[in-house]
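Subject: Structure handover

Hello,

Please find below the structure I am handing over. My notes on it follow.

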Amino acid sequence: MWHLTADTLVYAPASEEAAVIYNTASGDTHLVNALAAQVISLLGSTAASTDILLDRIADQYPAPPDPELLQVLESTLADLHRLDLITETSA
């Protein structure tokens, strides 16, 4: 399960394609793409697995989830993990 690493993240959309994320625990500010901002937003309400995130993101599009979307999501999760914005724990 993925979850946010900090108690509070301030999410400020910079545009439809990017957002600014402020990590109150580290004091770091990050400019992220729309998918990363969406993941942060989804994880703000509850922890979720990669499959659950994929389903929630794919629900916004008319086509079912495909391997390419999963690959992009996994890359985004890895990037957010490297930035110490999210962490993964066993269910």
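Gln-38 counts as buried because its relative accessibility is 16%; buried means under 20% relative accessible area, exposed over 50%, and partly exposed in between, with a 1.4 Å probe and protein chains only. This is a predicted model, in which local features need pLDDT of at least 70 and side-chain atom pairs count only at pLDDT 80 or more, while totals for chains, interfaces and linings use all residues. Residues are numbered from 1 along each chain as its sequence is written, and side-chain values use heavy atoms, with hydrogens and water left out.

Helix α1

Gln-38 is part of helix α1, residues 34-45; helices (H or I, at least four residues) and strands (E, at least two) are DSSP runs numbered from the N terminus. Not counting residues up to four places away in sequence, Gln-38 touches Ile-57 and Gln-60, where contact means heavy atoms within 4.5 Å. The buried residues of α1 are Leu-35, Ala-36, Ala-37, Gln-38, Val-39, Ile-40, Leu-42 and Leu-43.

The end C-alpha atoms of α1 are 18 Å apart, which agrees with the 16 Å that its 12 residues should span at 1.5 Å a residue; the expected span is 1.5 Å times one less than the number of residues. At the N-terminal end, α1 is capped by Asn-33, with a side-chain oxygen 3.2 Å from the backbone nitrogen of Leu-35. A polar contact is a pair of N or O atoms within 3.5 Å; within protein, one must be able to donate a hydrogen and the other to accept it, and residues adjacent in sequence count only if both atoms are side-chain atoms.

The largest pocket

Which residues line the largest pocket? They are Leu-35, Gln-38, Ile-57, Ala-58, Gln-60, Tyr-61, Ala-63, Pro-64, Pro-65, Asp-66 and Leu-69. The elements that give two or more residues to this lining are α1 and α2 (50-58).

On a 1 Å grid over the protein atoms alone, a pocket is an open set of points where a 1.4 Å probe fits, with protein on both sides within 12 Å along at least five of seven lines; lining residues have an atom within 4 Å of a point. The volume of the largest pocket is about 200 Å³, taken as the space filled by probe spheres set on the points, which are joined across faces, edges and corners.

By type, the lining divides into 8 nonpolar, 2 polar and 1 charged. Ala, Val, Leu, Ile, Met, Phe, Trp, Tyr, Cys and Pro count as nonpolar, Asp, Glu, Lys and Arg as charged, and the others, Gly among them, as polar.

Asp-66, one of the lining residues, sits in the loop between α2 and α3. Asp-66 is partly exposed, at 38% relative accessible area, and its side chain reaches the backbone nitrogen of Glu-68 at 3.1 Å.

Helix α3 and beyond

Leu-73 lies in helix α3 and is buried, with a relative accessible area of 0%. Leaving out residues up to four places away in sequence, Leu-73 touches Leu-35, Val-39, Thr-50, Leu-53, Leu-54 and Ile-57. Thr-76, also in α3 (residues 67-82), is buried at 6% and is in contact with Leu-35 and Ala-36, leaving aside neighbours within four places in sequence.

Asp-84 is in the loop between α3 and β5. Its phi is near 65 degrees, a positive value in a residue other than glycine. Ser-90, in the segment after β5 (86-88), counts as exposed because its relative accessibility is 69%.

Regards
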